[in-house]
Number of protein chains: 2
Amino acid sequence: MQKNGLLGQLIQNLCCLPGVGPKSAQRMAFHLLQRDREGAKQLANSLLRAVDEIAYCQMCRTLTDTDICNICSQPLRDGSILCVVESPADVWVVDQATVYKGLYFVLHGRLSPLDGVGPDDIGTELLQQRFAQGEVKEIILATNSTVEGEATAYFIAELAKKHNIRASRIAHGVPMGGELEFIDSGTLAHAFSGRREMA
Amino acid sequence: MQKNGLLGQLIQNLCCLPGVGPKSAQRMAFHLLQRDREGAKQLANSLLRAVDEIAYCQMCRTLTDTDICNICSQPLRDGSILCVVESPADVWVVDQATVYKGLYFVLHGRLSPLDGVGPDDIGTELLQQRFAQGEVKEIILATNSTVEGEATAYFIAELAKKHNIRASRIAHGVPMGGELEFIDSGTLAHAFSGRREMA
């Protein structure tokens, strides 16, 4: 059936969404065309505007439709603390989940020599400029808990020390509500070695 | 973080897709903006064109961007058999899965008196016109195997009989490769009562 028609094209284009295969794309296309044409139009316009207007914040490199994102431009935020994350999605997650009220810096990746990703590719130049300005007194390293993420965290901590800036790493261990039985051994070993005295 | 910005809007609009909640929408938005802006543009344009140009085929009522869909307009198709389905997605599925080479008719729904869906709402007028033209000799009822789907099938079979058209219902039973242990009792009972003699 009309594989090459507009419907076939739409289904194919929907497959560019992460986690969407041909079957779900088909379901989405039929749903939009039969039940929600208004929503489809809004989605299309929103996509076009987003692609055109959303770029990186000039201070923290997160995704924003303004020059300076609305976190960096908030006067109530504490400019002396900088949370370093790998991606704009992490900024979103941290800001929703925690009471953190400092600023962010997005690396857009992690050090990965095997993939040819060096310090220049994760915005360390801009980060060092920020350090040199002297406003930042502390950084919190919230890169992912992977080998590359850890290496990146150590690398940036070293940079910070050169500017006499305190660097801390977010805590790793057993998740809240997690049962020991179902925790992987790596996390559990980390939780033991990183144990804290009870007050 | 910028709940009201373009990014927030995009995430909200992505939620109109079936099976996409706020978390997946977030993932999709970040993926498109960071890794596939070209794909996002294509998707948007494809959505706009589809919403504008795709309508119902004047013969079978499936979704198409031409007046007569490319199934109805194929001269090699057998116009004497009509497969009656509930939705355009069913046309797509049947045409991909079977060797069926007849035409289709899409009801866009099923009889459901409780929801106020009567014979006029499922295109029976157009269907009876097709019957009256005399080209159709047989119909295959491929409505869903729900109470409403069955009722709809019986109703249309009655209409067909008035025009001396043979009506058959697709077979229901244990799916191919299905293990009896995991089949629900309704299907199993149906499979027993509908058993066929082995050649």
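How much area is buried between chain A and chain B? About 5600 Å², and carbon and sulfur atoms give 69% of that. Buried area here is the accessible area (1.4 Å probe) that two parts lose on being put together, summed over both.

This is a predicted model, where local features need pLDDT of at least 70 and side-chain atom pairs count only at pLDDT 80 or more, while totals for chains, interfaces and linings use all residues. Residues are numbered from 1 along each chain as its sequence is written, chains are lettered from A in the order in which they are written, and side-chain values use heavy atoms, without hydrogens or water.

1. **The interface.** Chain A gives 60 residues to the contact, and chain B gives 60 residues. Contact means heavy atoms within 4.5 Å.

2. **The chain A side.** Helix 3 of chain A gives the largest share of the side that touches chain B, 16 residues. Helices (H or I, at least four residues) and strands (E, at least two) are DSSP runs, numbered from the N terminus.

3. **Helix 3 of chain B.** This helix has 17 residues, 37-53. Its expected span (1.5 Å times one less than its number of residues) is 24 Å, and its end C-alpha atoms are 24 Å apart, which agrees. Its buried residues include B:Leu43, B:Leu47 and B:Val51. Buried means under 20% relative accessible area, exposed over 50%, partly exposed in between (1.4 Å probe, protein chains only). The buried residues of this helix pack against helix 1, helix 2 and helix 3 of chain A, together with helix 2 of chain B.

4. **B:Glu86.** Look in the loop between strand 3 and helix 4 of chain B. B:Glu86 is buried, at 2% relative accessible area. Its side chain reaches the backbone nitrogen of B:Asn144 at 2.9 Å.

5. **A:Ala142.** This residue sits in the loop between strand 5 and helix 6 of chain A. A:Ala142 is buried, at 12%. A:Val85 is 57 residues away in sequence, yet 5.1 Å away in space, C-alpha to C-alpha.

Technical notes. Polar contact = N/O pair within 3.5 Å; in protein donor to acceptor, adjacent residues only side chain to side chain.
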